[in-house]
Amino acid sequence: MVWWQYILMYLKVFAVGGSICLIGQLLINKTKITSARILVTFLVLGVVLEAVGLFSYIEKFAGAGITIPITGFGSTLAKGAIEGSKISLYHAVTYGLAAVSAGLTAAIFFGFIFALIFKSRSKKL
């Protein structure tokens with residue numbers, strides 16, 4: 001690839017990932033929806049996009065712009081669950097959790113570390 005193709009790729013990633021973050025920030029600033037509900041909404045959006053088969057098309061275009069935010073986590077969870085559902089309901093749950101186990105472990109570990117370092121505050125309404 002030549003240098004301008006890399007710049008175009010970075011712009012696409014930034015545009016999609018930035019749009020997701022912009023929507024989340026607008027929801028935080030302009031509504032009374034809690035951050036946790038917004039997070040779950042984006043996670044479910046990733047699951048739905050994966051379930052209907054649209055996530056892979058967006059991923060081909062945006063790369064890390066769609067996979068790094070929580071929507072990518074939802075997609076990975078859905079991929080594991082879909083793969084496990086071919087075997088049984090039990091495997092749908094366990095395969096889904098196995099697919100996201102590294103992400104969950106990192107989130108819990110770094111959440112704990114940052115909770116030790118910083119003091120959290122509630123959202124002022």
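How many aromatic pairs does a search of the whole structure find? The search turns up two, where a pair means rings of Phe, Tyr or Trp (its six-membered ring) with centres within 6.5 Å. The model is a predicted one, with local features needing pLDDT of at least 70 and side-chain atom pairs counting only at pLDDT 80 or more, while totals for chains, interfaces and linings use all residues. Residues are numbered from 1 along each chain as its sequence is written, and side-chain values use heavy atoms, leaving out hydrogens and water.

Phe109 and Phe110 make up an edge-to-face pair, at 5.1 Å centre to centre and 75° between the planes; edge-to-face means planes over 60 degrees apart, stacked means under 30, and the rest are tilted. With its planes at 20° and ring centres 6.0 Å apart, the pair of Phe114 and Phe118 is therefore stacked. As for exposure (buried is under 20% relative accessible area, exposed over 50%, partly exposed in between; 1.4 Å probe, protein chains only), Phe109 is partly exposed at 47%, and Phe110 is partly exposed at 47%. Phe114 is partly exposed at 46%, whereas Phe118, at 56%, is exposed.

Turning to the helices (DSSP runs of H or I, at least four residues, numbered from the N terminus), H1 (residues 3-30) packs against H2 (residues 35-51) at about 145°, with the axes 10 Å apart. Those axes are lines fitted to C-alpha atoms over the stretch in contact, and angles run from 0 to 180 degrees between N-to-C directions. On the H1 side, Ile20, Ile23, Gly24, Leu27 and Ile28 meet Ser35, Ile38 and Phe42 of H2, contact meaning heavy atoms within 4.5 Å.

Conventions: Helices (H or I, at least four residues) and strands (E, at least two) are DSSP runs, numbered from the N terminus.
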